[in-house]
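Hello,

Here is the structure I promised to hand over. Please open it first, then read my notes below.

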Amino acid sequence: MENLYVILPMLLKIAVVVAVLLLLPLPLTWLERKIAGHIQQRPGPMRVGWHGLLQPIADGIKLLTKEDHIPSAADRTLFKMAPVVALVPPFVVFVAIPLGEPVTIFGTELMLSLSNMNVGLLFILAVSSIGIFGTILAGWASNSKYAVLGSLRAIAQMISYEIPMGFSVIGVVMLANSMNMMDIVAAQKNMWNVVYQPLGFFVFFVAGLAEVQRIPFDLPEAEGDLGAGYHTEYSGIRFSLFMLSEYLGVVIIGFLNVMLFFGGWHGAPPFIPDTVWLLLKVGFFIWVFMWFRFTFPRYRYDQLMAIGWKVLLPLSLVNILISGLFMF
Amino acid sequence: MARTRQQKQSWIGWLFFSDLWRALRLTLRYMFSRVITHRYPDHEKWQPYHRHRGHHFMKTNDKGDVNCVGCELCAKICPCDCITVVPYEDEKGNRRPKVFDINLSRCLYCGLCEDACPADAIKLGQEYEVASTTTEALIVHLDDLIAAPHKAEEGAGTVIPASLDKNGRGKTITQDNVKGHDWWQLLKREK
């Protein structure tokens with residue numbers, strides 16, 4: 001009976017997180033299409049529901065009722081496994097992301113995260129890198145040139161940008177003296193990290209864009225030269241699982257940008273709750289990612305590699321050096 | 001290096017991505033500019049200009065008789081041979097059209113019939129919704145031509161509120177005397 005009080009809120013939190021994350025791509029696809037439209041002076045989806053708000057649901061019905069096609073030459077087991085493998089890591093990442101200070105309900109203290117682990121940042125970076133396995137499996141199992149090329153590009157990009165991303169975070173960890181997400185946010189109570197670490201933020205932002213394969217770094221799914229990259233052969237529900245994991249990746253990078261460099265839930269105007277303020281900041285970053293997507297062209301492959309290794313990696317090392325000198 | 005410096009750009013600007021900021025500023029301006037899409041056919045409809053060459057119409061005189069004298073010049077000049085005129089002589093001895101058919105599925109709306117007509121009879125009007133489910137319906141006869149809308153006079157080139165007539169032939173319904181907005185003024189152009 002004693003355990004029930006511990007397990008029940010936990011199960012409730014898990015259910016809420018999973019439900020919200022599964023439904024999150026619906027508004028995000030709508031937002032993306034609206035932004036795409038308005039940048040091109042079009043209204044975007046307009047017919048289904050008020051200003052096309054029900055369009056994602058119509059799209060969802062379409063995706064669910066589509067034929068689930070598996071190419072005859074594909075490796076069936078791996079082909080079926082890949083979307084799930086790609087989907088799990090983004091969900092797991094949210095275990096370590098807190099949404100605010102602990103709140104007290106009915107006399108018990110409730111953490112606004114599933115787990116307040118002391119190496120939260122390391123956990124997030126490590127688990128989000130596992131998502132690449134879904135891409136590798138999808139590209140390999142499809143037995144298609146385009147899919148393999150797309151997944152090869154994704155792997156190379158992931159390896160190149162994981163390193164500057166990890167290095168750029170070190171400055172933040174140095175300032176907070178902790179890898180716990182709560183501590184990192186608490187350390188920014190007086191001043192956001194972006195003021196102390198502009199270079200670190202720049203490197204993290206660009207590497208994050210590359211990590212979630214958004215334009216201008218969306219080479220793994222370049223429509224023009226690869227069909228659709230690693231999910232060329234996927235259709236219906238399996239394809240939508242890939243889309244889901246991609247959008248969740250965008251949300252995670254938005255969360256990390258806000259948590260590490262923009263003070264998490266600190267600095268809220270008096271009438272806005274902390275959690276809402278945090279989500280507003282994350283929404284702003286998601287909007288920026290979409291704005292970038294419809295502004296910039298795609299980098300060439302050698303440019304992508306050059307930016308990763310010759311620009312971002314030295315910059316992130318310089319950032320560590322400068323932070324170290326200042327702290328010393 | 002991935003980014004090359006432009007001729008006009010300074011090194012400082014290059015270092016702080018002045019080109020990328022310019023692009024972002026441009027798209028941001030567009031994002032909050034007005035939408036220019038016509039919400040045709042169920043919310044808006046574009047009114048053609050006076051010069052628009054659409055569905056043909058036949059002019060009539062004050063007494064309601066058609067201007068056409070059945071000279072067949074339009075049928076002669078028609079490059080796609082889509083006009084059929086069969087003339088007859090009425091009781092007063094005037095040459096009139098008995099049959100005046102235009103095959104809209106062949107017509108290319110060049111307006112040569114309008115130029116060739118000596119009697120100011122056949123004209124190309126403002127109607128542009130001529131879609132049909134049968135080819136037969138696209139062969140329009142004399143009475144259709146008399147009833148067809150004339151050239152646009154007022155409100156030409158504007159977009160006016162409209163609704164879709166679901167029972168009719170898929171045409172839009174517009175009310176008279178509604179002031180539309182000039183669509184071209186909405187277009188945001190960069191200098």
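**Strands of chain B**

Strand β4 of chain B pairs with strand β6 (residues 139-140) of chain B. The two are antiparallel and share two bridges. (Strands pair if DSSP finds at least two bridges between them. Helices, H or I with at least four residues, and strands, E with at least two, are DSSP runs numbered from the N terminus.) N103(B) has I139(B) in β6(B) as its bridge partner.

This is a predicted model: local features need pLDDT of at least 70, side-chain atom pairs count only at pLDDT 80 or more, and totals for chains, interfaces and linings use all residues. Residues are numbered from 1 along each chain as its sequence is written, while chains are lettered from A and ligands numbered from 1 in the order in which they are written.

β4(B) (residues 95-103) also pairs with β3(B) (residues 83-89). These strands run antiparallel, joined by seven bridges. V86(B) has V99(B) in β4(B) as its bridge partner. β3(B) and β4(B) form a hairpin, with five residues between them. Look at G93(B) in the turn: its phi is positive, about 85°.

**Domains of chain B**

Domain 1 of chain B covers 35-50 + 152-191, and domain 2 covers 54-151. (The bounds come from an automatic or database domain assignment.) Their C-alpha centres lie 27 Å apart. Eight residues from domain 1 and seven residues from domain 2 make the contact. (Residues are in contact if their C-beta atoms, placed from the backbone, lie within 7 Å.) On the domain 1 side, two residues are nonpolar, three polar and three charged. (Ala, Val, Leu, Ile, Met, Phe, Trp, Tyr, Cys and Pro count as nonpolar; Asp, Glu, Lys and Arg as charged; the others, Gly among them, as polar.)

**Where the chains meet**

14 residues of chain A are in contact with 13 residues of chain B. On the chain A side, α2 (25-39) and α14 (301-327) each give two or more residues. That side has nine nonpolar residues, four polar and one charged.

**Two helices of chain A**

How do α4(A) (residues 76-93) and α6(A) (residues 132-142) cross, and at what angle? Their axes come within 8 Å and cross at roughly 160°. (Axes are lines fitted to C-alpha atoms, for helices over the stretch in contact; angles run from 0 to 180 degrees between N-to-C directions.) So α4(A) is roughly antiparallel to α6(A), the term for angles over 145 degrees. Their contact has 12 nonpolar residues, three polar and no charged.

Best wishes

Notes. Two residues are in contact if their C-beta atoms, placed from the backbone, lie within 7 Å. Angles under 35 degrees count as roughly parallel, over 145 as roughly antiparallel, 65 to 115 as roughly perpendicular and the rest as oblique.
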